[in-house]
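We will go from the whole chain to a few places inside it.

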Amino acid sequence: MKKYLLSTLADSICIVLLSVCPILCYASAFSVKLEASVLIMAAVLFSIVFSLLSAFVKNNLKYALCMTVIAFVAFLVFVFANERIVAQANYAINKLLELYSVYLPVYSNIKFASYIANDATGFFVLLSLILNGLFSFLISRIKSIKIAGLLSIALLVPCFVLVNTLPDLVPLLIIFTVLFALYFSSQTRQLNYAHSGVITAVCAVILAVLITVLAVINPVADYERPKWQDNMLNAVQTLTGMKTYNGSGKISSALAEVGNNVSSEVDFSNAGALTQTGKKVMTVTSSTDGRIYLKSMAYANYENNKWSVLTDEQADNYPQDYQSFIMTIMTQYFEEAETVTIDTVNKENVIYTPYYLNYINNNFSPVCDVFIANTDKATNYTMFVIPYSEENINDFSRIEISGTSKYDDFAQCYLSLPNDTKQAMLEIAERNNIKDLSKSDISQTVAAVKDFVSHSASYSLNTQKVPDGRDVAEWFLNDAETGYCMHFANAAAVMLRALGVPARYVTGYCANVVDGKATVTSDNAHAWVEYFDERIGWIPLDATSSDFEVPQATESVQTTTQAQTTSPTVQPTTQAQNTKPVKTEVKAKISTPAIIVIIILLIIALAILRIILIRYYRKYSFTHKDYKSRVICIYRYLNKLSVHAKVRIPKKIENICTKAKFSTHNISDEEYKIVLNYVLTFRNKTIGKMPIVKKLYCIIILGI
């Protein structure tokens with residue numbers, strides 16, 4: 001009885017895990033909010049009820065009646081909480097569609113609920129009840145592990161349609177650990193249910209330990225896709241025209257879900273005359289009037305007239321414990337942080353950040369030092385800001401936090417330039433008496449570059465494209481008569497780098513706050529420079545010509561209620577993935593081929609262990625208990641073996657087995673020995689005559 005209860009307990013635990021973990025996988029893959037503790041507690045209660053019913057209510061009619069009662073109670077709960085559950089289901093489905101719509105021809109959202117929910121706990125609890133009932137019936141009642149496994153895998157399918165919706169590793173590994181443990185104990189479950197709990201528990205522990213060791217040795221964060229997979233994805237993208245994602249690193253994964261509204265690069269080759277549309281983007285409410293810069297994206301690499309974000313290889317060197325967006329502030333210099341509230345027209349994942357944030361909100365996710373992701377897709381958010389101006393910049397001092405010195409080294413990647421471009425910039429600087437003072441007084445170098453660049457041309461949106469074969473920065477500073485913000489910002493960033501000052505190209509919005517408010521339109525899209533000072537951090541620098549005037553929204557624009565996200569080259573990007581950078585420093589690393597070999601050896605070892613355990617418990621059931629029970633176990637085995645061997649059991653043996661199964665008479669010692677000797681001879685002869693493939697299938701898969 002104790003072993004029977006142990007098996008029931010093991011099944012109950014497996015049912016809880018199989019009903020909860022797919023839901024947690026879905027929630028993590030699509031950023032669905034839920035109260036995990038409520039879900040787990042409900043699943044435990046459901047599992048206890050269902051497991052006890054499956055194990056102890058033997059009569060099928062009574063079992064069906066009990067399940068009907070439970071279904072009726074669940075239906076009543078659904079009726080009374082109908083609006084809430086439907087709204088939560090709508091929310092969960094829309095979170096899935098939101099990501100799918102970036103790559104697949106599906107709606108980005110649907111509406112079938114009367115109000116909008118912001119979590120899916122109730123819906124998932126109801127789903128857990130249904131899954132508990134199904135898994136308890138399959139595992140404890142009819143003992144069909146294959147169907148339970150197929151159902152579990154089917155529940156995970158939505159998470160694997162796209163590469164960038166992969167679920168959290170822990171619930172995923174738990175699912176496969178439980179399924180493997182149930183599979184290894186499936187044969188014992190059929191022969192002797194009381195012993196199946198021990199086998200399931202032992203296999204689960206062994207698998208969990210092996211998987212944990214493997215994950216520690218070679219963490220998922222350190223995995224790199226083979227080159228042939230990226231080549232295959234590129235070929236698919238070329239043939240189908242679909243946007244694909246290579247999933248190879250922090251930056252690429254963070255940009256993967258952004259879609260066509262953002263680009264990882266700004267190409268100056270096509271930067272000609274601009275036409276403004278004046279579409280409303282957001283409203284800004286600030287406790288301080290004046291010009292405000294709202295940063296969206298920082299670009300790191302300049303080559304062939306293009307700025308691009310950090311590469312995945314560069315991002316691997318980013319110190320993960322360092323927050324570049326708040327590093328520049330010493331709050332004791334200021335009495336109180338001021339507030340800036342952003343109210344966007346569209347749901348956007350990029351947070352538009354003023355200078356400087358006092359701290360980063362919980363629902364903001366910095367992606368290295370490139371941009372901040374809005375994980376909740378909030379259209380209204382408030383930030384606490386220490387206002388920046390050129391006059392008070394010397395009052396700022398960077399907080400010495402963990403990773404500061406490492407970031408100083410990392411920031412040197414913002415000095416790289418093509419040799420021809422660097423040489424051209426140095427020649428222009430020498431002709432105009434601009435000296436490299438970056439080692440002694442960086443502020444003088446920056447001031448000289450800003451003054452020179454801002455007076456090198458007049459501001460005009462009607463600026464021609466850069467001539468073919470010319471570097472845009474060199475052409476702009478030598479020959480161009482006009483330019484707009486991106487030309488001035490590009491020239492300043494490139495020249496600062498040539499003079500030894502780490503600098504980068506930044507896109508965002510620039511607006512004037514009047515009486516505490518500013519309406520920001522697509523015309524306010526702007527580009528500027530950030531340069532790095534080891535004493536302070538990243539400092540904004542606008543080198544645009546002095547005849548540039550910040551566009552001011554008219555009344556007609558302010559009353560516009562619908563707008564589309566626009567993305568000219570000077571415009572900030574507007575969608576980003578809810579992805580946090582992952583720390584990748586590890587002490588040990590195993591190559592991908594070695595991992596494959598380890599996994600293969602692990603599978604072989606587990607298969608051998610399963611065969612040994614099945615044979616042990618088969619021998620145990622054939623040689624223990626009373627003769628009648630032994631013969632019944634042998635008869636079950638003979639039936640299974642004869643089906644695959646396509647051989648009939650001899651009449652004499654079948655009569656003895658039928659007597660044991662249906663008669664009230666006992667089995668004699670002589671009858672038992674006849675059946676036992678026959679099964680041993682029959683197995684060896686039958687298995688020996690099978691083709692090699694079928695033989696392996698019967699021995700390894702079926703456990704015969």
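Here is a tour in several stops, with what to select at each one.

**Before you click**

This is a predicted model, in which local features need pLDDT of at least 70, side-chain atom pairs count only at pLDDT 80 or more, and totals for chains, interfaces and linings use all residues. Residues are numbered from 1 along each chain as its sequence is written, and side-chain values use heavy atoms, with hydrogens and water left out.

**Stop 1: the whole chain**

Select everything and colour by secondary structure. The protein chain has 23 helices and 15 strands; these are DSSP runs numbered from the N terminus, with helices being H or I of at least four residues and strands E of at least two. Of the 704 residues, 50% are buried (buried is under 20% relative accessible area, exposed over 50%, partly exposed in between, with a 1.4 Å probe and protein chains only). The accessible surface comes to about 34,200 Å², and carbon and sulfur atoms account for 59% of that (Shrake-Rupley method with a 1.4 Å probe; for residues, only the protein chains shown count as cover). Among contacts between residues at least 6 apart in sequence, 76% join residues at least 24 apart, where contact means heavy atoms within 4.5 Å.

**Stop 2: α6 and α7**

Now select residues 145–156 and 169–184, which are helices α6 and α7. Their axes come within 10 Å and cross at roughly 170 degrees (axes are lines fitted to C-alpha atoms, for helices over the stretch in contact, and angles run from 0 to 180 degrees between N-to-C directions). The two helices are therefore roughly antiparallel (over 145 degrees; under 35 is roughly parallel, 65 to 115 roughly perpendicular, and the rest oblique). Show side chains for Ile145, Ala148, Gly149, Ser152 and Leu156 of α6, and for Leu172, Ile175, Phe176, Leu179, Leu182 and Tyr183 of α7, which make the contact. By class, these are nine nonpolar, two polar and no charged residues (Ala, Val, Leu, Ile, Met, Phe, Trp, Tyr, Cys and Pro count as nonpolar, Asp, Glu, Lys and Arg as charged, and the others, Gly among them, as polar).

**Stop 3**

Next, select 419–431 and 485–498, helices α14 and α17, whose axes are 9 Å apart at an angle of about 90 degrees. That makes α14 roughly perpendicular to α17. Thr421, Lys422, Met425, Leu426, Ile428 and Ala429 of α14 meet Val494, Met495 and Ala498 of α17.

Stay on α17 and pick His487, which lies in this helix. Is His487 buried or exposed? His487 is buried, at 2% relative accessible area. Leaving out residues up to four places away in sequence, His487 touches Phe268, Ala271, Thr463, Val472, Trp475 and Phe476.

**Stop 4: backbone details in loops**

Most residues other than glycine have a negative phi, and most peptide bonds are trans. Select Tyr355 and Tyr356 to find a cis peptide bond, with omega about -10 degrees. Tyr356 sits in the loop between β6 (338–344) and β7 (364–367).

Then try Ser31, in the loop between α1 (2–30) and α2 (36–56). Phi of Ser31 is positive, near 55 degrees, and the residue is partly exposed at 27% relative accessibility. Finish at Asn433, between α14 and α15 (442–454), where phi is about 60 degrees; Asn433 is exposed, at 61% relative accessibility.
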